[in-house]
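This report describes a protein model with its ligand, beginning with the ligand site and then turning to the domains and selected residues.

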Amino acid sequence: MPRLGSAIIRYDSVTSTNDVARDLASCNAPEGTIVLARQQTSGRGRQGRTWESPAGEGLYLSAILRPSVTTPESAIIPLAAAVAVAETLTEDFDVTADIKWPNDVLVSGRKICGILVESAVEASRLEYVIVGIGVNVNQQRFPPELLQTATSLRIETGKPQDPGRCAEGLLRRLEPGYRSAISNPAYVISRWEARSTYARGRVVRVISPDGVFDATTRGLSQSGALRVELNNGEVRELTSAEITLRATDQESKSVER
Ligand code: BT5
């Protein structure tokens, strides 16, 4: 398994680092290749959503991985990436980072990092996985629609921060995190649960293909699904869903700030 970041390709401006990484991966770029950009003109979130990526203010990074696991087993990789980001922000930048399932990183209850994992599968074999990570580093303000929900390292620490230092700390932690995701998923799950205040006992609103309902979080399953308990005692394992704090909890959060 080559080192993550053994090749780092830097761009000034790209549509999306995930697009560039995907093109490189389909031309046989080796595992561990990292794409970094100062700006993304079409930064992407999940399900066609947008990731605001102003020039020089954020870290926009994509890693090419070629894990020898099945597609369901690869679900642990984004959890490992979220742990690596949360550890970097907490340990290197002295902010308290939280993880909201599956892989948003929050500081002061606001989103500071999003992770987009995209895979290529051929004949049911996982050909490559692109892990795209966006961290808000130096934004001082956000567009109106993100004013209440986003934050940056600069806002949280009160001073400008170096995106390069953030990239370096992140790659250092992503490497062992990725290895654990492949060889010891239970360890990644325990690290994720230890870093996330959402892991257990949190009342959340779940928006899932099965509908919208309130439930209490009960930790992660071995495969990285979020276990939630409904009011009637039924326990469900969520694999694709959005969770938010219930409106009443959000209100008390915004009063605290
Ligand atoms: C994500 O999607 O959070 C994944 C974001 C991944 C971004 C990285 S940057 C490097 C790589 N290249 C890419 O093109 N993407 C990856 P999702 O959970 O769907 O959240 C998207 C939502 O977050 C948006 O609809 C907004 O509400 C909000 N958002 C957008 N930009 C944001 C920002 N800079 N900071 C905080 N929230 C943001």
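## Ligand contacts

In this predicted model, an N or O atom in the side chain of serine 16 lies 2.7 Å from an oxygen atom of the ligand. An oxygen atom of the ligand is also 2.6 Å from a polar side-chain atom of arginine 49. On its own the ligand has 800 Å² of accessible area, and the protein covers 90% of it.

The shell around the ligand comprises 25 residues, of which Ser16, Arg44, Arg49, Lys111 and Asn136 are the closest. By class, twelve of the shell residues are polar, seven are nonpolar and six are charged. At least two shell residues each come from α1 (17-26), β3 (58-65), β6 (110-122) and β7 (125-136).

## Domain arrangement

The domain assignment divides the protein into domain 1, covering residues 7-195, and domain 2, covering residues 200-256. Their C-alpha centres are 23 Å apart. Across the boundary, 14 residues of domain 1 are in contact with 17 residues of domain 2.

Helix α4 spans residues 163-183 and includes serine 180. Serine 180 has a relative accessible area of 15% and therefore counts as buried, the cut-off being under 20%. When neighbours within four places in sequence are left aside, the contacts of serine 180 are Pro185, Tyr187 and Val188.

## Backbone features in loops

The loop between β4 (97-100) and β5 (104-107) contains proline 102. The peptide bond that joins tryptophan 101 to proline 102 is cis, and its omega is near 0°.

Glutamine 47 is located in the loop between β2 (34-40) and β3. Although glutamine 47 is not a glycine, its phi is positive, at about 50°. Its relative accessibility is 66%, so glutamine 47 counts as exposed, for which the value must be over 50%. Alanine 123, in the loop between β6 and β7, likewise is not a glycine and has a positive phi of about 50°. The relative accessible area of alanine 123 is 76%, and this residue is therefore exposed.

Methods. Residues numbered from 1 in each chain as written. Predicted model: local features only at pLDDT ≥ 70, side-chain atom pairs only at ≥ 80, totals over all residues. Heavy atoms only, no water. Near = heavy atom within 4 Å. Polar contact = N/O pair within 3.5 Å; in protein donor to acceptor, adjacent residues only side chain to side chain. Areas by Shrake-Rupley, 256 points an atom, 1.4 Å probe, with all protein chains shown as cover. Helix = DSSP H or I, 4+ residues; strand = E, 2+ residues; numbered from the N terminus. Nonpolar A, V, L, I, M, F, W, Y, C, P; charged D, E, K, R; others polar. Buried < 20%, exposed > 50% of the residue type's maximum accessible area, 1.4 Å probe, protein only. Contact = heavy atoms within 4.5 Å. Domains from an automatic or database assignment.
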